[in-house]
Amino acid sequence: MTWARANSDRLVDLMLQHLWLSVVPVVVGFLLALPIGWWASRFARPRAVLLAAGGILYTLPSLPLLVIIPGLIGTSFLDPINVAIVLTLYALALFVRIVADAFAQVSAEVLDSATASGYSWWQRFGGVELPLAGPVLLAGVRVASVSTVSLVTVGALVGVSNLGSLFTEGFQRDFRTEITVGIVLVVILALVLDAVWVLLGRLLMPWTRLRGAG
Amino acid sequence: MIEYRSVGKTYDDGSPAVDDFSLVIPSHSTTVLVGSSGCGKTTLLRMVNRMVDPTHGQVLIDDVDIATRGPVELRRSIGYVMQQAGLLPHRRIVDNVATPLRLAGVPRREARERAMDALAKVGLGADLADKYPRQLSGGQQQRAGVARGLVADPNILLMDEPFGAVDPIVRADLQRQLQTLQHELGKTILFVTHDIEEAFLLGDQVVILRKGGVVAQAGSPAEILAAPADDFVRSFVGLDKGRRRLRIAELDGQRVVVDEHGRPAGVLDPTLDRT
Ligand SMILES: Nc1ncnc2c1ncn2[C@@H]1O[C@H](COP(=O)(O)OP(=O)(O)O)[C@@H](O)[C@H]1O
Ligand SMILES: [Mg+2]
């Protein structure tokens, strides 16, 4: 505790760095996956191809990617943007399947009835498809968010500082307290972020609070 | 007036759903398309609001080919009621009913008021307005679906097996209500069902379809019963196995009309009896 208090400025810095390295990939990955996943949900063939590609992408180990990416896009090895890009790819790979599933489970009758009422394509997408895919999308965001928060720590191995740096330093100096504080803060960050998504979901989808609704 | 001019529809997968269909649907009356499942009823119905575009032929509304009209604008001018109501599960009942008005640009307050009126018209209490669809019974949802179809006061109302999924007692109630509403409003209704009893009950004109949207017979219910076109129609309306055969039985000197099982259907009008 004394160690944590003495280093609180640095811990806050690491936490903020960790936070944006987690949120940016989740948000960008989600936004990229939205049109791709929607497309995959409508057409069987692209769906199979995209889901397979996503599966392969997801199994690529992160460390080599972190070394390759700077060479590909010309950033420095220590640039946090590399970590953000790799994690965005993982989030994208995870989201494509979830988004495709989320849109596929929206009832065709409800969509027909919206069309018959005179919704234009965009009105129907924003006013019916997206909200009805919402609960599944939210569940996906929560999974991606937790897994990204934990994956960010890998960045510390290539010198991009975040809460994971507390693990690497702690191991090097054989200082248990630092490792413990690191773990606790990562868990807290993941939980807080998760609570934010849940809250956002409640605000955006008030009908899901209904008992027996889903 | 709605007119089908030898329309046909073949879906992308190559199955011909409707072969060659022509029909005139007079305004301010109810026309019922009746046929077994898969014979092309929904396809024909959806040609009227361009949810399905025919592969050949034309559909005209008041002599205008609807292919020349924007589909979204066209749909906003036509009421549509479907099986299972098709209400949006994430919108409250009143918002569901107000949807066609909101899409047409009616301000929120006015749309809500008109939606409340429409709900009252179909016999739904104001206490249900702020509920979500799944909090209502099937029959109540179906009423809300009818209210949504009528709320924008369209000239044309398309109804696709609207009462097919509710139990018989509720169905009878909904049918009665539709008759009352139609008496008052005089819409041009195109109604689809697989139930011949429902077709005869609601239809001014009944069109019996075979597979592929082939018209087996079209006419008023009385015309069809009086002169069924062929054995298919005779069997479809139930004249083949002696059903619908009424006869007169004498009971204590009174003449009672009974059905094929001997159950009384009514008495002969005494004023006719004299002649
Ligand atoms: N979107 C579609 N794609 C391919 N075939 C379809 C589609 N919709 C309907 N069909 C086929 O067209 C035929 C008529 O269908 P439909 O108009 O729905 O009949 P009904 O409403 O009388 O049950 C059926 O054989 C059905 O399988
Ligand atoms: Mg049908």
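Buried area is the accessible area that two parts lose on being put together, summed over both. With that in hand, let's walk through this predicted model, starting where its two protein chains meet.

Between chain B and chain A, about 1,800 Å² is buried, and carbon and sulfur atoms give 65% of it. Three residues of chain B deserve a look on your screen: H90(B), L103(B) and R134(B) supply 29% of the area that chain B buries against chain A, more than any other three residues. Counted by residues, the contact takes 22 from chain B and 22 from chain A.

Now for the polar side of this interface. The rule finds one salt bridge across it. Its partners are R46(B) and D112(A), whose closest N and O atoms are 3.2 Å apart. Six residue pairs are found in polar contact between chain B and chain A, with both residues of each pair at pLDDT 80 or more. On the side of chain B that touches chain A, at least two residues come from each of α2 (71–76), β6 (78–82) and α3 (93–103). Sorted by class, that side of chain B holds eleven nonpolar, five polar and six charged residues.

Next, turn to ligand 1. Around this ligand you will find Y11(B), D13(B), S15(B), A17(B) and a run from chain B made up of S37(B), G38(B), C39(B), G40(B), K41(B), T42(B) and T43(B). Helix α1 of chain B, residues 41–48, gives the most to this shell, with three residues. By class, the shell has three nonpolar, six polar and two charged residues.

Some distances are worth checking in your viewer. A polar side-chain atom of T43(B) sits 2.5 Å from an oxygen atom of ligand 1. For K41(B), an N or O atom in the side chain is 2.9 Å from an oxygen atom of the ligand. Y11(B) faces a nitrogen atom of ligand 1 instead, with a polar side-chain atom 3.5 Å away. Taken alone, ligand 1 exposes 560 Å², and the protein buries 62% of that.

Along the principal axes, the C-alpha atoms of chain A fill a box of roughly 65 × 40 × 20 Å.

Methods. Residues numbered from 1 in each chain as written. Chains lettered and ligands numbered in written order. Predicted model: local features only at pLDDT ≥ 70, side-chain atom pairs only at ≥ 80, totals over all residues. Heavy atoms only, no water. Contact = heavy atoms within 4.5 Å. Buried area = accessible area lost by both parts, 1.4 Å probe. Salt bridge = Lys/Arg side-chain N within 4 Å of Asp/Glu carboxyl O. Polar contact = N/O pair within 3.5 Å; in protein donor to acceptor, adjacent residues only side chain to side chain. Helix = DSSP H or I, 4+ residues; strand = E, 2+ residues; numbered from the N terminus. Nonpolar A, V, L, I, M, F, W, Y, C, P; charged D, E, K, R; others polar. Near = heavy atom within 4 Å. Areas by Shrake-Rupley, 256 points an atom, 1.4 Å probe, with all protein chains shown as cover.
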